[in-house]
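Hi,

Here is the structure I promised to pass on. Could you load it and follow along with my notes below?

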Amino acid sequence: MSPWRAIPLALLLAVVVRVPFWIEALHTPLDGDTAIVGLMARHPGVGTTLWGQPYGSPLDSWVAMPFVAVWGYSTEALRLPCFLLSLVLVPLAYALARELNPAAALPAAVLVACPPPYFLLLAALPPPFYATTLALCGLVLLTAARAGRRLGAAEGSPPRGTLLVLGIASGLALWTHLMSASAIAAALAWLIVRGRKRLPLLAWALVPLVAASAPVWSRALRDPEALRIVQVESRRETTLAHLGAVLPRLHEPLGGVLGTHVPVVADAEDYMLHHAGWAAALTVLVYGLLLIQSARAATAASPAPLYLLAAALALVAFPFPVRSAPHTIRLLTPLYLPVAALVAWAASPRAASRRVWVAVLALATLHLALGTRLLESWRRTDRADPPFSLVDLQPARRLLEGYGVRHAYASYGPAFRLTWESGERIVASPPWNDRFRHWPLPLLDEVRFAKNVAWVLTPSVPSGLPTPDELEQALARLGGRFRRDAAGAAVVYHGFVPPFAPQVEPWPGGGPVGDRDLRTFVAPAPGVPLELRLPAPRPLVAITLVAPLDGPRLPRSADLLVSADGETFETVATRRRREERQDLRWLNGHPQAVIDHDVFAVPLGGRPVLALRLVALEPEPWRVGEVLLHAEPGRQAWDEWLTPGVSWDERRRALVERPLTDREDWYSRVLLAARHRPIP
């Protein structure tokens, strides 16, 4: 059967198999990562990684851009690209198997059209990167097979165009997900072997590979975080300990790729569906026998060694990254496409036969049997319940919009979902980066800079944010007022009124820390505290310490003490390294986690103060730019005095042109605007 008939038939079968899963996906709210892809599609050119993490590429958002342009802020706009990318694997399987034997092409396409259930999951609800990376890995192997065949031929024109496509696809794949390195390494090794007499031609692949992957390797040279997804040890686990835990269970992720079991959602360790014992054994037996047969039938003239090497490298590399575990099946998915081509070819290596169809249809039946159970599980599981944990945010969104709140803190998934589902009328961000501690979050500065900010807590969604009770306990310690409203599965805190007014005055006689100038500062020597005295005791509602514009900031670990008589000091606030996320403070008129050591506000409740002492507990350099005194209690929410919604350049210009040195939020906003950087 010609490719023009075979491929559409295989695609039609793939569509029929996937449509029920797609329908369920369209009824499933977007998760936080997918919402980020959509937001990146709305802001093309902003960022070179997936927002909020140090690796990945914007490729998913580029693919989604035309769909977002047509359907806007909708679920369909982000689901359809994944649906179509899952279909791309079918013609890729056809082409890969055709390089081995034209008779194996259609069976391979049918096998991928009816794939193991994990690939049905990825066809409907994939994590970011995987749909694009799997398609790119298939393209890398296909172009390597074709270029290798032409390089090994004594005659014929050099495959420059094919090598160019190979290099571009390899670079994009490497930039998007480093798990593609196994396919790329196999492709390069195959080309070196096949073209050992024409090695200079490989520059047509290597140069575009290096250029297309430049964002990842250039970032890795500056910041090791770029390679975090493949790091082989961590603070909690050595390489040997990790290998000792993963290697004895390596059969589990391999079985998941082949179809012995499937999680309800990707990486859901506690929500796994298993085939019956005999079905799992039969699946492994068929795949195993056919792979052995393909290895025996492989010759140097065919690309079978390339496919075997790609699958083997993916399997060998899997146990090393600390992110790998028996349930992280997705990290092993690049091996399936070459395996499918090899299995179809091994069942009929020389010509078409009934045996290949018996093997392929048997495997397809086994795949779909477990896939049906996955579909049934999706249909009966409430999306608000684990493992989805995608609570309905519409009540929270309506409440925020009703009160005119345009900025909010929320945990990772709900934050980006709120931003996407509201069409960015509400900008929400986690108050810190739970996943990558020191990597900037894309929307956090927008929320921190804003006024009338809410906290949206979703107790049923696992996160590092405080529970409602914990947040209320923290606010009780800080003083001030707020309003609490229940909104479906969310609890919304808003209408914040700090216990002190924004009006401040600098510390009298404080020199550099009392001159209203953030360019001047005091930098105490290591082990020497900063001590300031007033001419006479005075009652203060709060004290705010502010870092200077340049150089070291406030100490990460310190005690702040005050005295009413200049002799006896009492500790009124403490800060400790790595405890910043639990240290909520009033800042810019609402409670924030002060994670950047720029501003430190301490309510005093009218306590009389004559002297202040700041004691740093670590020897690292630190500076204080200003010490501000609050004499007036807070009676209302802090007002907005800047035009909302303008760019960061316009904010910086407005802060310089209109210096409100008698307001605490002017100092905090100056520092925030000065430190803000574009999304990396």
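Y412 and F416 are both buried (under 20% relative accessible area with a 1.4 Å probe, protein chains only; exposed is over 50%, and partly exposed lies in between). Bear in mind that this is a predicted model, where local features need pLDDT of at least 70 and side-chain atom pairs count only at pLDDT 80 or more, while totals for chains, interfaces and linings use all residues. Residues are numbered from 1 along each chain as its sequence is written, and side-chain values use heavy atoms, with hydrogens and water left out.

On to the rings. For aromatic pairs, the ring centres of Phe, Tyr and Trp (its six-membered ring) have to lie within 6.5 Å; planes under 30 degrees apart are stacked, over 60 edge-to-face, and the rest tilted. That rule gives 16 aromatic pairs. Y412 and F416 make an edge-to-face one, at 5.3 Å centre to centre with 70° between the planes. Because they sit four residues apart in helix α19 (residues 412-421), about one helical turn separates Y412 and F416. Helices here are DSSP runs (H or I, at least four residues), as are strands (E, at least two), numbered from the N terminus. Elsewhere, F482, Y493, F496 and W586 form one aromatic cluster.

Y412 has a charge over its face too: R435, at 3.9 Å from the ring centre. The charged end of R623 likewise sits over the ring of F521, 3.9 Å from its centre. The test is NZ of Lys or CZ of Arg within 6 Å of the ring centre and within 35 degrees of the ring normal.

Next, the surface. W278, L282, L285 and L289 make a nonpolar patch of about 450 Å². Patch residues have over 30% relative accessible area and no salt bridge, with nonpolar side chains (Val, Leu, Ile, Met, Phe, Trp, Tyr) joined within 5 Å and like charges within 9 Å; a salt bridge is a side-chain nitrogen of Lys or Arg within 4 Å of a carboxyl oxygen of Asp or Glu. Areas are Shrake-Rupley with a 1.4 Å probe, and for residues only the protein chains shown count as cover. L285, in helix α14 (residues 277-297), is partly exposed at 47%.

P386 and P387 are joined by a cis peptide bond, omega about 5°, and P387 is in the loop between α17 (354-380) and α18 (394-402). E424 is not a glycine, yet has a positive phi of about 65°; its loop runs between α19 and β4 (427-429).

Cheers
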